[in-house]
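Open the structure in your viewer and keep the selection tool at hand. The stops below say what to select next and what is there.

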Amino acid sequence: MDREKDVRKDFNLSQKQVRILKAILENRNVTQEQLSEIVGITVRNIQTNMKKLKEMGVLIRIGSRKGGYWEVLVKLSETDFKK
């Protein structure tokens with residue numbers, strides 16, 4: 001396993017947080033409601049997890065609330081999606 005690319009371990013991310021990041025990488029304009037359906041947790045839990053991801057420096061919001069998009073600041077590898 002390549003430690004430099006194992007973002008999940010480097011940032012101590014939960015599987016749900018990795019799934020949030022993966023969904024954002026697939027669609028940077030995804031809404032929190034859509035993420036809730038994709039990940040299978042409540043919108044409130046999505047908000048909590050996204051706040052943690054922003055605090056860790058893994059995720060940022062570019063632009064306005066309605067016209068902006070999410071940007072993942074780390075590169076995920078296949079090892080991040082295992083387990």
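Select Arg28 and Tyr69 to begin. In this predicted model, the ring of Tyr69 has the charged end of Arg28 over it, at 3.8 Å from the ring centre.

Next, select Arg61 and Trp70. Here the charged end of Arg61 sits over the ring of Trp70, and the distance to the ring centre is 4.9 Å. If you go on to look for aromatic pairs, the count is zero.

Now move to helix H2, residues 15-26. Select Lys22 and Glu26, whose side chains form a salt bridge with an N to O distance of 3.3 Å. Glu26 and Lys22 are about one helical turn apart, because they lie four residues from each other in helix H2. How many salt bridges does the structure hold? The structure has one.

An angle from 65 to 115 degrees counts as roughly perpendicular, so H2 is roughly perpendicular to H4.

Which residues make the contact between the two helices? On the H2 side, select Gln17, Ile20, Leu21 and Ile24. On the H4 side, select Ile46, Asn49, Met50, Lys52 and Leu53. Colour the contact of H2 with H4 by residue type, and the residues divide into six nonpolar, two polar and one charged.

Key: Residues numbered from 1 in each chain as written. Predicted model: local features only at pLDDT ≥ 70, side-chain atom pairs only at ≥ 80, totals over all residues. Heavy atoms only, no water. Axes fitted to C-alpha atoms, helices over the stretch in contact; angles between N-to-C directions. Parallel < 35°, antiparallel > 145°, perpendicular 65-115°, else oblique. Contact = heavy atoms within 4.5 Å. Nonpolar A, V, L, I, M, F, W, Y, C, P; charged D, E, K, R; others polar. Phe/Tyr/Trp six-rings, centres within 6.5 Å; stacked < 30°, edge-to-face > 60°. Lys NZ or Arg CZ within 6 Å of the ring centre and 35° of its normal. Salt bridge = Lys/Arg side-chain N within 4 Å of Asp/Glu carboxyl O.
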